[in-house]
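This report goes through a single structure by topic. The sequence and the model come first, and the notes follow.

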Amino acid sequence: MQIEAEGATLNYEISGDSSNPALLLWHGAGCTLRMWDTALKGLKDSFFCIAFDIRGAGQSQVNSRLSDQFTFEQYSEDVNLILKELGIKKFHVWSMAWGTRAAIAYCSLNPEKVLSAVFSDASIGVADVTAQK
């Protein structure tokens, strides 16, 4: 599925029963939503899973050259857009590696929406903004 965001087209996939608790899967740098395929086999029976490609990764596309579109605030707005499209108000988060940076920022900006968070393989060093683009 795809949704238009400011400066980007975002790709996401859902699996599981929408009546189950929602779980957002946030991939690491150099990865795509495909990194969750194996985990989804065990999760989709208990959760309504949302895996997405961050802007500029996988099937998500960047539609402009705006330098401010690769910020944690923008990634948070992207997630909120996907969640709004799906009608999800509260959810769990599981992030991996670089995605944990963005997920921590999201959780701090939107604490009222996050039921719980798992920050796996957190890499909390100095950000390499150029590499993130």
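In which helix is Gln74 found? Gln74 is found in helix 2, where helices (H or I, at least four residues) and strands (E, at least two) are DSSP runs numbered from the N terminus.

## Basis of the model

This is a predicted model, in which local features need pLDDT of at least 70 and side-chain atom pairs count only at pLDDT 80 or more, while totals for chains, interfaces and linings use all residues. Residues are numbered from 1 along each chain as its sequence is written, and side-chain values use heavy atoms, with hydrogens and water left out.

## Helix 2 and helix 3

Helix 2 covers residues 72-86 and helix 3 covers residues 98-109. The two pack at an angle of about 75°, and their axes are 9 Å apart. Axes here are lines fitted to C-alpha atoms, for helices over the stretch in contact, and angles run from 0 to 180 degrees between N-to-C directions. Helix 2 is therefore roughly perpendicular to helix 3; under 35 degrees counts as roughly parallel, over 145 as roughly antiparallel, 65 to 115 as roughly perpendicular and the rest as oblique.

On the helix 2 side, the residues that meet helix 3 are Phe72, Glu73, Tyr75, Ser76, Val79, Asn80 and Leu83. Their counterparts in helix 3 are Trp98, Arg101, Ala102, Ala105, Tyr106 and Leu109. Contact means heavy atoms within 4.5 Å. The residues of this helix 2 to helix 3 contact divide into 9 nonpolar, 2 polar and 2 charged. In that division Ala, Val, Leu, Ile, Met, Phe, Trp, Tyr, Cys and Pro count as nonpolar, Asp, Glu, Lys and Arg as charged, and the others, Gly among them, as polar.

## Nonpolar cores

A nonpolar core is a set of buried Ala, Val, Leu, Ile, Met, Phe, Trp, Tyr and Cys residues joined through side-chain atoms within 4.5 Å. Buried means under 20% relative accessible area, exposed over 50%, and partly exposed in between (1.4 Å probe, protein chains only). The largest core has 27 residues, of which Trp26, Ile50, Phe52 and Phe91 touch the most other members. Strand 1 (2-5), strand 2 (8-15), strand 3 (22-26), strand 4 (48-53), helix 2, strand 6 (91-96) and helix 3 each supply at least two residues of this core. Its largest share, 5 residues, comes from helix 3. Another core, of 8 residues, lies apart from it, and its members include Leu25, Leu33, Leu43 and Ala51.

## Cysteines

The structure holds 0 disulfides, a disulfide being a pair of cysteine sulfur atoms within 2.5 Å. The sulfur of Cys49 is 17 Å from the closest cysteine sulfur, in Cys107, and so is too far away for a bond. Cys49 is buried, with a relative accessible area of 1%, and Cys107 is buried too, at 15%.

Leaving aside residues up to four places away in sequence, Gln74 touches Glu6, Arg55, Asp68 and Gln69.

Phe48 is found in strand 4 and is buried, with a relative accessible area of 8%. With residues up to four places away in sequence not counted, the contacts of Phe48 include Ile14, Asp17, Pro21, Leu23 and Ile88.

Gln59 lies in the loop between strand 4 and strand 5 (61-62). At 52% relative accessibility, Gln59 counts as exposed. Its contacts, not counting residues up to four places away in sequence, are Gln2, Thr9, Asn11 and Asp53. Gln59 and Met1 are 58 residues apart along the chain, and their C-alpha atoms are separated by 9.8 Å.

Asp45 is found in the loop between helix 1 (37-43) and strand 4 and counts as exposed, at 65% relative accessibility. Asp45 and Gln74 are 29 residues apart in sequence and 31 Å apart in space, C-alpha to C-alpha. Ala97 is placed in the loop between strand 6 and helix 3. Although Ala97 is not a glycine, it has a positive phi of about 50°. The C-alpha atoms of Ala97 and Phe48 are separated by 22 Å, with the residues 49 apart along the chain.
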